[in-house]
Amino acid sequence: MTTIQKEHHIFAFANDMAPIASVKSGSEVVFETYDCYKDALKENTRDEFLKLQNINPATGPLAIAGAEPGDTLKVSILSIQVAEVGTMRIRPGAGVLKRCVEYPEVRKLKIKNGFVKLKEDLLLPVRPMIGVIGVAPAEGSVLTISPGSHGGNMDTQEIAAGAHVYLPVRIPGALLAMGDLHAAMGDGEVPICGVEVAGSVRVQVEVLKGQSFSVPVVENDEDFYVIASAETADEACEQATEQMFHFLRQRITGLSDNEIIMAMGISGDLRISQLVNPLKTAKYRMPKALFSLKF
Ligand code: CA
Ligand code: ZN
C-alpha cells in the first residue's frame with residue numbers, strides 16, 4: 001500500500017502542483033498528516049504575539065491515474081488515527097466568540113480511550129474528522145486555509161471514517177491532498193479550531209468516469225451532504241441549498257421541481273460547517289433512504 005509521509009505537503013491547492021506519487025483507481029493509500037500548526041505550537045498562556053506561519057499543511061498531492069476533468073474523485077475514508085495529544089488555541093478578537101475570550105491561550109489536551117481530556121474530571125468524546133481535503137482547482141491556486149468548490153478547508157465534521165467524499169476533478173490526475181485532522185470539532189468551529197491533531201488517514205480512491213457535480217458532496221450511512229463555501233454565511237447557505245436542489249433534481253424521477261422543494265422543506269436540513277475561515281461553509285443534509293439516493 002502507498003503511504004504518503006507528511007514531509008510531502010502543500011500550503012496551496014494549485015493547478016500546476018507536481019504529484020509526489022501516482023496510484024490506480026481503486027487503490028488504498030495512507031496519508032500521514034501534521035496538525036494545522038505543523039506540530040509547532042507549545043502550551044502557552046501568554047500567546048499574544050505568536051505569529052503563526054505554515055498553517056494547514058496538507059499531505060500530498062497524490063495523482064490518481066485516469067482521472068480527467070469532468071470526472072469525480074470518490075475518496076472513501078476507511079479510518080482516521082489521531083495522535084495522543086491535541087492542541088487548541090484561542091484568543092480575544094478571533095472566531096465567533098471573539099468578544100468572550102478572556103486571554104490568549106494554547107492548551108495541550110490528552111487524547112485517550114476515545115476521549116479528549118479537557119480537565120482532570122472532564123472527558124469529552126473523540127470524533128475524528130478531516131478539516132482539509134481537496135483536489136487541484138482548474139486555474140491558479142487556493143491556499144489550504146480556504147475552502148472552495150475544490151474542497152480544501154471545509155471543516156465539516158461529517159468528513160469522518162466511514163464517509164465518502166466526492167470531489168470534482170478539474171485537472172488530469174485530480175491531485176488529492178489532505179490534512180488538518182481534528183480529534184473532535186463542533187459545527188461552526190467557533191473558536192477557529194477543533195482539537196487540532198496530527199495523525200494518519202487511510203483512504204480508498206476511485207475515479208467515477210464522466211460523473212460530475214459542481215461542489216463537494218459527502219455521503220455516510222444515512223445521508224448525503226452537499227457542501228458550499230462563500231464570502232458570507234448567507235451566501236454559503238443559499239448555495240448549499242440550491243446545489244442540493246440540483247443534486248436531487250438529477251436523481252429523483254417522478255417529482256416536479258416544486259415537489260422536490262417541498263420534500264427539502266419537510267425532510268432536509270441546512271447546517272453550518274464553519275464560520276471562521278476566509279470563506280464560510282454550509283452543508284445541506286438529505287436522508288438517503290427516502291429517495292433511494294445514490295451519487
Ligand atoms: Ca481547518
Ligand atoms: Zn483544524
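A salt bridge is a side-chain nitrogen of Lys or Arg within 4 Å of a carboxyl oxygen of Asp or Glu. Keep that cut-off in mind for the first stops. The model on your screen is predicted.

**Stop 1: R285 and D269**

Select R285 and D269. They form a salt bridge, and their closest N and O atoms are 2.7 Å apart. Now show the strands. R285 lies in strand β23 (residues 280-287) and D269 in strand β22 (residues 269-274), so the bridge ties together parts 16 residues apart in sequence. Is R285 buried or exposed? R285 counts as buried, at 15% relative accessibility. D269 is partly exposed, with a relative accessible area of 26%. Salt bridges with shared partners join D223, D269, R271 and R285 into one network.

**Stop 2: two further salt bridges**

How many salt bridges does the structure hold? There are 12. One of them joins the side chains of K6 and D39, at 3.1 Å from N to O. This pair links distant parts of the chain, 33 residues apart. Look for K6 in the loop between β1 (2-4) and β2 (9-10), and for D39 in the loop between β5 (28-33) and β6 (58-64). D39 is partly exposed, at 36% relative accessibility.

Next, select K117 and E120. Their side chains meet in a salt bridge of 3.3 Å, N to O. K117 is partly exposed, with a relative accessible area of 31%. E120 is exposed, at 65%. Exposed means over 50%, so E120 passes that cut-off.

**Stop 3: the metal ions**

Select the calcium ion (ligand 1). The calcium and zinc ions are 3.3 Å apart, and D180 coordinates both. D155 sits in the loop between β15 (151-153) and β16 (164-168), and D180 in strand β17 (residues 176-182). These two residues are 25 residues apart and link distant parts of the chain. Both D155 and D180 are buried.

**Stop 4: a nonpolar patch**

Switch to a surface view. Select V96, L97, V190 and L275. Together they make a nonpolar surface patch of about 270 Å². Pick out L97 in the loop between β8 (85-90) and β9 (105-112). L97 is partly exposed, with a relative accessible area of 42%.

Notes: Residues numbered from 1 in each chain as written. Chains lettered and ligands numbered in written order. Predicted model: local features only at pLDDT ≥ 70, side-chain atom pairs only at ≥ 80, totals over all residues. Heavy atoms only, no water. Patch = residues over 30% accessible without salt bridge, like charges linked within 9 Å, V, L, I, M, F, W, Y side chains within 5 Å. Areas by Shrake-Rupley, 256 points an atom, 1.4 Å probe, with all protein chains shown as cover. Helix = DSSP H or I, 4+ residues; strand = E, 2+ residues; numbered from the N terminus. Buried < 20%, exposed > 50% of the residue type's maximum accessible area, 1.4 Å probe, protein only. Donors = N, O, S within 2.8 Å, 3.2 Å for Na, K, Ca; no water.
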